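User: I've got a model open and want to talk through its ring contacts. Can you take me through them?

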Amino acid sequence: GATATKLSAVWPGTAMTADASHSGWYTITLADAKAPVNVVFNGNGTDAQKTANLSCTEQEAWFDGSAW
């Protein structure tokens, strides 16, 4: 099978950066990422806003809280 490559820091992960051009949106670049990428969004390390395990098959994507 495929070997997983960690693209972020240990839990709760790498903090995202607020997008200055789009209020309420955040950005992160995962260097050397190759689709598909598995992602979990969380509320600053809390489970209160934690998503399920998400899989993204695109090189560039936006997640609106419920769908890519």
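User: Which residues do ring pairs link into a cluster?
Analyst: F41, F63 and W68. Rings of Phe, Tyr and Trp (its six-membered ring) pair if their centres lie within 6.5 Å; planes under 30 degrees apart count as stacked, over 60 as edge-to-face and the rest as tilted. This is a predicted model: local features need pLDDT of at least 70, side-chain atom pairs count only at pLDDT 80 or more, and totals for chains, interfaces and linings use all residues. Residues are numbered from 1 along each chain as its sequence is written, and side-chain values use heavy atoms, with hydrogens and water left out.

User: How many aromatic pairs does the structure hold?
Analyst: It holds 3. One of them is F41 with F63, a stacked pair. Their centres are 5.2 Å apart, with 20 degrees between the planes.

User: What does that pair tie together?
Analyst: F41 lies in the loop between β3 (37–39) and β4 (54–56), and F63 in the segment after β4, so the pair ties together parts 22 residues apart in sequence. Strands (E, at least two residues) are DSSP runs, numbered from the N terminus.

User: Is F63 buried or exposed?
Analyst: F63 is buried, at 17% relative accessible area. F41 is partly exposed, at 23%. Buried means under 20% relative accessible area, exposed over 50%, partly exposed in between (1.4 Å probe, protein chains only).

User: And how far apart are the ring centres of F41 and W68?
Analyst: They are 6.3 Å apart with the planes at 55 degrees, so this pair is tilted. W68 lies in the segment after β4 and F41 in the loop between β3 and β4, so the pair ties together parts 27 residues apart in sequence. W68 is partly exposed, at 42% relative accessibility.

User: New topic. What sits over the ring of W11?
Analyst: The charged end of K50, 5.2 Å from the ring centre. The cut-offs: NZ of Lys or CZ of Arg within 6 Å of the ring centre and within 35 degrees of the ring normal.

User: Which residue does a cis peptide bond join to W11?
Analyst: P12, with omega about 15 degrees. P12 is in the segment before β1. Another cis bond joins A35 and P36, with omega about 0 degrees. P36 is in the loop between β2 (26–27) and β3.

User: Last one. What pLDDT does the chain average?
Analyst: The average is 85, and 97% of the residues score at least 70. pLDDT is the predictor's confidence in each residue, from 0 to 100.

How values were computed
Helix = DSSP H or I, 4+ residues; strand = E, 2+ residues; numbered from the N terminus.
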